[in-house]
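Morning, everyone. Have a look at the structure first.

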Amino acid sequence: MTEPTHGIVLGGGWAGMLAAHVLARHVERVTVVERDVLPDGPRHRKGSPQGRHVHVLWSSGARIVDTLLPGMIDQLLDAGARRIGFHQDLVTLTSHGWQHRFPPRQYALMCTRPFLDWKVRDRVLATGRITVRQRAEILDLVGDAKRVTGVRVRDMDTGAGETLEADLVVDSSGRGSRLRHWLSALEVPPLEEDIVDAGIAYATRVYQGPPGAAAGFPAVNVAADHRLREPGRFGVVYPQEDGTWMVTLSCTRGAGLPTHDDEFLPYARTLRHPLVADLIALAKPLTSVAVSRVGANRRLYPERLDIWPEGLLVLGDALAAFNPIYGHGMSSAARAAAALDTGLQRSGIAGGTTHRIQQAISTTVDDPWIMAASKDVEYVNCRMNTTDPRLTGGAVARQRFSDLIADRSIRSSAVCDVVTDVISLTAPQSELASSGFLSLMQKDRVLPELTEPPLTADELALVDLSPRSAVGAGGS
């Protein structure tokens, strides 16, 4: 480098820290601007309300994190995070029935969001090349429609304003990003925005499971059936790093949601199967109910603009936010960080490169966007404002094909492998329309339908349930 270079990252959450780590590989110094005070341990913070609900880091995202931060995944596992092999370590009631527990093709890490953020943040900041400006509010971008040269911030304690100059600004400030307002002030044409909102809401409690169950009992997922044409209700029981269960109940618009402790178990009994309710009825609650109602799918399209300011990028939830029930947010942010790294490796931060890097980042969110949005539009009362032709046309044919895949996937090992690769963002969504996959749909052996949760006798014993209980027995 012939002169000092400075990168600014807006937001110190998961996406922001990964972006800051990548920037630090390419510029001399990085400043993270964050409204909150970032905790020095696995504690919740105000700016991350979704952090109180279940999160998963799919294997595709985990591999990227491990490339950027070698050994990070082993550190998380050693500290107590649970690695869940899909579908061996998961018991799932899908919209089409119980999923056979086939040998694992991909995996997901399960742990609390504050724990994950804290561990990764500690690794990222250990280099000493990243400065965090906490309790700082972003007021505006500095520059014009051709180039962004920094940001104006306000100290939230003193009220003092300051301009921070930068060669590159990355907006990773989450769902609350004011990017469209900031760009309007620079006279940049309005960004196109798509919204698909099924009215998803979440209620979560943490439980102390029976001894041995947190490490030896599978994760549980009871999903809604969109074909019933009624508001959907969902429930999951996911193991966490401290030997507890995190239980999240959710619904789409019109189904209601438990907001008080005494409503939680009765609501769980309204799910399509009593497994979740039976499990938590035997467990000790450790927290009260935490509720969140922010779950719409929302996507911006900066790559479509003919004019885009040099020196500005956007990623994470500020670019595309998904219904959290699909677990794609953190892996999508990791994919964006990898695209940012590749783009900077190829061309640095010289003029004329920002729009190309933004296009690459935007490409990484297309698969999780269409998977989440196309699923949510199937639920009644979904509100949609989108021009995406994949969502506005051919709904009947699309749903019929999706239902066919879902029916095969739960009973065919080979079909399930491909679907799991796609859902985990390891393979492109286009793979589901390939000739090889369509042939597999016709040829692979289909197992009988399961009528009870595929739990073994040993697993049932761990949670003090018997094969004659409401959850039944089985296994595959």
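**Rings and their partners**

Start with phenylalanine 86: at 9% relative accessibility, this residue counts as buried. Buried means under 20% relative accessible area, exposed over 50%, and partly exposed in between, with a 1.4 Å probe and protein chains only.

A word on sources. This is a predicted model, where local features need pLDDT of at least 70, side-chain atom pairs count only at pLDDT 80 or more, and totals for chains, interfaces and linings use all residues. Residues are numbered from 1 along each chain as its sequence is written, and side-chain values use heavy atoms, leaving out hydrogens and water.

How many aromatic pairs does a search of the whole structure find? Four. Rings of Phe, Tyr and Trp (its six-membered ring) pair if their centres lie within 6.5 Å; planes under 30 degrees apart are stacked, over 60 edge-to-face, the rest tilted.

Take tryptophan 58 and phenylalanine 86. Their ring centres are 4.6 Å apart and their planes at 50°, so the pair is tilted. Tryptophan 58 is in strand S3 and phenylalanine 86 in strand S4, 28 residues apart. Strands are DSSP runs (E, at least two residues), helices too (H or I, at least four), numbered from the N terminus. Tryptophan 58 is buried, at 5%.

Next, phenylalanine 234 and tyrosine 379. Centres 5.8 Å apart, planes at 75°, so this pair is edge-to-face. Phenylalanine 234 lies in strand S16, and tyrosine 379 in the loop between helix H11 and strand S23, so the pair ties together parts 145 residues apart in sequence.
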